[in-house]
Amino acid sequence: MYRTPLGAVVALTASLALILSACGGSSSDAVVEGEAQTTTTVDNNSETESTEPAAVTDPETTEAGSEPETTEPEATEPETAAAVAVNLFEWVVEAPESIDGGSVTFEVSNTGTFPHEFAIARGDSYEALPQESNGAVDEEALGTNWIGRSDRVPPGETITISFDLEPGNYVFLCNIASGPNSHASQGQVLSVTVS
Ligand SMILES: [Cu+2]
């Protein structure tokens, strides 16, 4: 009679211990799973966040880079179209005798066999300009009517130079001189009207 109840108590105690340990095990497993799920969710978010800004940045960089490229050619074309062609050779200045004023760009070619330069003085004609004994234009005497000159252009070469020209009468010339000789006195001058 005693053994059965005792055996039942032992059996109940053992089963309680199993239930307690099972409950403890299951509750700790649930905590680990919850942490694992939370970590996984955070990882997914950070991966998604890092991917989105990179995708947004690439198109912005491409758009910003393409806009200036479209603008640059438009700004260059008018400057090229406005250039006035000038040819220098012995003993001639070849250029249009009437041009528009403002900032004028000249494309100056030396098609001769000597070095020449492109110079501009303000005046009605070469004969009316102050001159030195060799026929070169007297640049100091001209004062503000001496507009300026290019560097010497070697034979076969072309340079580009710009001058601001108000409306009026000008003389285009080569003012190179050597001793008693000057290119201007040999005829390398041209009267030009700027309007
Ligand atoms: Cu010359």
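Start by selecting A184: leaving out residues up to four places away in sequence, A184 touches Y126, G135, A136, V137, L173, C174, N175 and V189. Here two residues are in contact if their C-beta atoms, placed from the backbone, lie within 7 Å.

Before you go on, note that this is a predicted model: local features need pLDDT of at least 70, side-chain atom pairs count only at pLDDT 80 or more, and totals for chains, interfaces and linings use all residues. Residues are numbered from 1 along each chain as its sequence is written.

**Stop 1: colour by confidence**

Colour the chain by pLDDT, the predictor's confidence in each residue, from 0 to 100. The mean for the protein chain is 75, and 58% of its residues reach 70 or more. Now select residues 1-72: their pLDDT is below 50, and this stretch has zero contacts in the model beyond near neighbours in sequence. Residues 75-81 also have pLDDT below 50, with one contact beyond near neighbours.

**Stop 2: the cartoon view**

Switch to cartoon and you can look for two helices and eleven strands. Helices (H or I, at least four residues) and strands (E, at least two) are DSSP runs, numbered from the N terminus. From that end, the elements run α-β-β-β-β-β-α-β-β-β-β-β-β. Among contacts in the protein chain with a separation of 6 or more, 69% join residues 24 or more positions apart.

**Stop 3: the open sheet**

Next, find four strands that form an open sheet in the order β2-β1-β4-β7, with mixed pairing. At its edges are β2 (92-94) and β7 (158-165), each pairing on one side only. From one strand to the next, the twist averages 25 degrees. Strands count as paired if DSSP finds at least two bridges between them. Zoom in on β1 and β2, which pair in the antiparallel sense over three bridges. There, L88 stands opposite V93 in β2.

**Stop 4: V93**

Is V93 buried or exposed? V93 counts as buried because it has 24 C-beta neighbours inside 10 Å. The cut-offs are 20 or more other C-beta atoms within 10 Å of its own for buried, 12 or fewer for exposed, and partly exposed in between, with C-beta atoms placed from the backbone. Of the 195 residues of the protein chain, 15% count as buried. Leaving aside neighbours within four places in sequence, V93 is in contact with V86, L88, F172, L173, C174, Q188, V189 and L190.

**Stop 5: the core**

Select L88, V93, A121, V171, L173 and A184, the residues with the most contacts inside the largest nonpolar core, which has 22 residues. The elements that give two or more residues to this core are β1 (84-89), β4 (102-110), β5 (119-122) and β8 (168-173). Which element gives the most to this core? That is β8, with four residues. A nonpolar core is a set of buried Ala, Val, Leu, Ile, Met, Phe, Trp, Tyr and Cys residues joined through C-beta atoms within 7 Å.

**Stop 6: the partners of β8**

Stay with β8 and look at β5: four bridges join these antiparallel strands. A121 stands opposite V171 in β8. Then follow β8 to strand β11 (residues 189-194), joined to it by six bridges and also running antiparallel. Here Y170 stands opposite V192 in β11.

**Stop 7: out to a loop**

Finish at D151, in the loop between β6 (146-149) and β7. D151 is exposed, with 11 other C-beta atoms within 10 Å. Select A119 too: D151 and A119 are 32 residues apart in sequence and 9.3 Å apart in space, C-alpha to C-alpha.

Methods:
Axes fitted to C-alpha atoms, helices over the stretch in contact; angles between N-to-C directions.
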